[in-house]
Amino acid sequence: MTRPRLLVVGGAHIDRRGRVTGVHVAEASNPGTMREEIGGGAFNAARAAVERGAAVSLLSLRGGDAAGERVAEAIEAAGIEDLSATFLDRTTPSYTAILTEAGDLITGFADMALYEHGFIKQVRRSKVRDAAGGADMLLCDANMPAEAIERLVALAAGKPIHAIAVSPAKVVRLVSVIPSLSCLFMNRREACRLTDMASEAPPLAAAKALTGMGLRAGVITTGGGPALCFRHGDFFEIAPPPAGRVADVTGAGDALAGATVAALMRGLAFAEAVREGMAAAKLAVESADAAPRMDDEAFRAALARVPPPKPA
């Protein structure tokens, strides 16, 4: 059977995660550990989509250094078609997250200058245009500048295109394409930033404001709380399944996005697709890896523990 084809555009880079040992003390030296792997919002989501049955092509940018070689090897190992461009004179982007002992984010540091100028040119390549034409759906993240996102939306030519907010600072790059998005995946802080609401505003209020801005569907996560989901004026919540030991929250939102989009490509209804995304997110937070392998048995077990949607 032919697998549905997904084009993913955005970040694929070095991810470093430092975990504090004990209680974090601000403005002081903290003992801890540092680990490094290949991540990025687009790449993490792409791997989740592959795990859930999609055929995926990925466009990202990397430097001509050892880190760039590692990114290329990881994309190949994940079974993803690599459309990425290599800039021999540039450094591969990276993201460093400092986490509490429990795995919650203290701060993140994004060294991604290459994305800022490189994506605008790359989305004009005929290879990318051909890939968009051959894809059933598209997924991007806000690591790209607004101009590149707008160009990608134009290439989609009416096909479903989904987006990952990435961060409160970057989500505003999506403002001009909000009415064109099929679904936006974001957390509460990102949703509030996009709608110019206070960060403590209820997710439902942010969702209604986004609907007023023309967004057709969205998923707003709230850490360990229920995700606020909406589509065509229907608002509902899906609680996360009971979690085991939280190993690392990095990549959970990306896994949710990738698995949800893959489920939509298989024809599932929106609510059921998000349930699959929540199951993938559960497996991600319980794994030390940002994009863990999801064997069918483990995924079915996680999905069985995701509660049905409830009206918001």
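Arg305 sits in the loop that runs between α10 and β16 (310-311). Helices and strands here are DSSP runs (H or I with at least four residues for helices, E with at least two for strands), numbered from the N terminus. This is a predicted model, where local features need pLDDT of at least 70 and side-chain atom pairs count only at pLDDT 80 or more, while totals for chains, interfaces and linings use all residues. Residues are numbered from 1 along each chain as its sequence is written, and side-chain values use heavy atoms, with hydrogens and water left out.

The cut-offs are under 20% relative accessible area for buried, over 50% for exposed, and partly exposed in between, using a 1.4 Å probe and protein chains only. Leaving aside residues up to four places away in sequence, Arg305 touches Pro241, Pro242 and Lys282, where contact means heavy atoms within 4.5 Å. Ile149 is 156 residues from Arg305 in sequence, and the C-alpha atoms of the two are 36 Å apart.

## Helix α9 against α10

Helix α9 (residues 270-285) and helix α10 (residues 296-304) have axes that come within 8 Å and cross at roughly 115°. Axes are lines fitted to C-alpha atoms, for helices over the stretch in contact, and the angles run from 0 to 180 degrees between N-to-C directions. The pair is therefore roughly perpendicular; the scheme calls angles under 35 degrees roughly parallel, over 145 roughly antiparallel, 65 to 115 roughly perpendicular, and the rest oblique. The crossing of α9 past α10 is right-handed, the label used if the near helix is turned clockwise from the far one by less than a right angle, with anticlockwise giving left-handed.

On the α9 side, Arg275, Glu276, Ala279, Ala280, Lys282 and Leu283 do the touching, and they meet Ala298, Phe299, Ala302 and Leu303 of α10. Sorted by class, this contact has seven nonpolar, no polar and three charged residues. In that sorting, Ala, Val, Leu, Ile, Met, Phe, Trp, Tyr, Cys and Pro are nonpolar, Asp, Glu, Lys and Arg are charged, and the others, Gly among them, are polar.

## Helix α9 against α8

The axes of α8 and α9 come within 7 Å and cross at roughly 145°, and this crossing is right-handed. From α8, the contact draws on Ala252, Ala255, Leu256, Ala259, Thr260, Ala263 and Leu264, while α9 supplies residues including Phe270, Ala273, Val274, Met278 and Val285. By class, the α8 contact with α9 has 14 nonpolar, two polar and one charged residues.

Both helices are mostly covered: 13 of the 14 residues of α8 are buried, and 15 of the 16 residues of α9 are too. The expected span is 1.5 Å times one less than the number of residues, so the 14 residues of α8 (residues 252-265) should span 20 Å, in agreement with the 20 Å between its end C-alpha atoms. For α9, the 16 residues should span 22 Å, and the end C-alpha atoms are 23 Å apart, which agrees. Just after α8, Gly267 takes a positive phi of about 100°.

Gly41, Asn44, Ala45, Ala48 and Ala49 of α1 make the contact with Asp254, Ala255, Gly258, Ala259 and Ala262 of α8. The class count is six nonpolar, three polar and one charged residues.

Ala262 is worth a look of its own. This α8 residue is buried, with a relative accessible area of 2%. Ala262 touches Ala49, Arg52 and Ala54, not counting residues up to four places away in sequence.

## Two positive phi angles in loops

Most residues other than glycine have a negative phi. Where do the non-glycine exceptions Val166 and His232 sit? Val166, with a positive phi of about 75°, is in the loop between β11 (161-164) and β12 (183-187). His232, with a positive phi of about 50°, is in the loop between β14 (225-231) and β15 (234-238). Val166 is partly exposed at 32% relative accessible area, whereas His232 is exposed at 57%.
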